[in-house]
Amino acid sequence: MMDVRLVNIGFGNIVSVNRIIAIVSPESAPIKRIINEARERGMLVDATYGRRTRAVVVMDSDHVILSAVQPETVANRLVHKEALSKEEVTR
């Protein structure tokens, strides 16, 4: 059975950790291109609630998710959650 791990990407929006390929900043031209292409394909999920996009989450399903939370914050949540999971296993 596959262990489903989730991470909060802001405003109560949660994605599967197992499906994340990358968490990147939206500033560079290649990432802006990825966002536009995902929008055209109908694969863009805007989870910013109208706020500024600070992180772009690229999923293995070709979905691209926009988040108003910094990439470092999402990554820290991943690391923190993983550390908690390992601690529970050792108990």
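Visitor: Which strands form the open sheet, and in what order?
Guide: This is a predicted model, to start with. In it, 4 strands make an open sheet, ordered β3-β5-β6-β4, and the pairing is mixed.

Visitor: Which strands sit at the edges?
Guide: β3 (20-24) and β4, each of which pairs on one side only. As for twist, it averages 20 degrees from one strand to the next.

Visitor: And what's the run of elements from the N terminus on?
Guide: They go β-β-β-α-β-β-β-α. That gives 2 helices and 6 strands in the chain.

Visitor: Where does helix α1 lie?
Guide: Helix α1, residues 29-41, lies across β3, β4, β5 and β6. Its direction is at about 115 degrees to β6.

Visitor: What about β1 and β2, how do they pair?
Guide: In the antiparallel sense, over 4 bridges. They make a hairpin with 2 residues between them. Gly-10 has Asn-13 in β2 as its bridge partner.

Visitor: Which residue in that turn has a positive phi?
Guide: Phe-11, with a phi of about 55 degrees. Phe-11 also turns up when you look for aromatic pairs.

Visitor: How many aromatic pairs are there?
Guide: The structure has 1 aromatic pair. Phe-11 and Tyr-49 form it, with 5.2 Å centre to centre and 40 degrees between the planes, so it counts as tilted, since that class covers what is neither under 30 degrees (stacked) nor over 60 (edge-to-face).

Visitor: Which parts of the chain does the pair link?
Guide: Distant ones: Phe-11 is in the loop between β1 (6-10) and β2 (13-16), while Tyr-49 is in the loop between β4 (44-47) and β5 (55-59). The two residues are 38 residues apart.

Visitor: Is Tyr-49 buried or exposed?
Guide: Tyr-49 counts as exposed because its relative accessibility is 55% and the cut-off for exposed is over 50%. Phe-11, at 40%, counts as partly exposed.

Visitor: Let's go inside. Which residues make up the largest nonpolar core?
Guide: There are 12 residues in it, including Val-7, Ile-9, Val-15, Ala-47, Val-57, Met-59, Val-74 and Leu-78. β1, β5 and α2 (71-90) each supply at least two residues of this core.

Visitor: What is in the second core?
Guide: That one is separate and has 6 residues, among them Ile-31, Ile-35, Ala-38 and Leu-66.

Visitor: New topic: Ser-67. Buried or exposed?
Guide: Ser-67 is buried, at a relative accessible area of 0%. You'll find Ser-67 in strand β6, residues 64-67.

Visitor: Which residue stands opposite Ser-67?
Guide: Ala-55 does. Their strands, β5 and β6, pair in the antiparallel sense over 4 bridges. Besides Ala-55, the contacts of Ser-67 include Ile-9, Thr-48, Arg-52, Thr-53 and Arg-54, with neighbours within four places in sequence set aside.

Visitor: What does each touch, leaving out residues up to four places away?
Guide: Arg-52 touches Glu-27, Ser-67 and Ala-68. For Arg-54 the list includes Val-24, Ser-25, Pro-26, Ser-67, Ala-68 and Pro-71. The C-alpha atoms of Arg-54 and Ser-25 are separated by 6.1 Å, with the residues 29 apart along the chain.

Visitor: Last one, the whole chain. What share of the residues is buried?
Guide: Buried residues are 31% of the 91 in the chain. The chain exposes about 6100 Å², and carbon and sulfur atoms supply 53% of that. Among contacts with a separation of 6 or more, 48% are between residues 24 or more positions apart.

Definitions and conventions: Residues are numbered from 1 along each chain as its sequence is written. This is a predicted model: local features need pLDDT of at least 70, side-chain atom pairs count only at pLDDT 80 or more; totals for chains, interfaces and linings use all residues. Side-chain values use heavy atoms; hydrogens and water are left out. Rings of Phe, Tyr and Trp (its six-membered ring) pair if their centres lie within 6.5 Å; planes under 30 degrees apart count as stacked, over 60 as edge-to-face and the rest as tilted. Buried means under 20% relative accessible area, exposed over 50%, partly exposed in between (1.4 Å probe, protein chains only). A nonpolar core is a set of buried Ala, Val, Leu, Ile, Met, Phe, Trp, Tyr and Cys residues joined through side-chain atoms within 4.5 Å. Two strands pair if DSSP finds at least two bridges between them. Contact means heavy atoms within 4.5 Å. Accessible areas come from the Shrake-Rupley method with a 1.4 Å probe; for residues, only the protein chains shown count as cover. Axes are lines fitted to C-alpha atoms, for helices over the stretch in contact, and angles run from 0 to 180 degrees between N-to-C directions.
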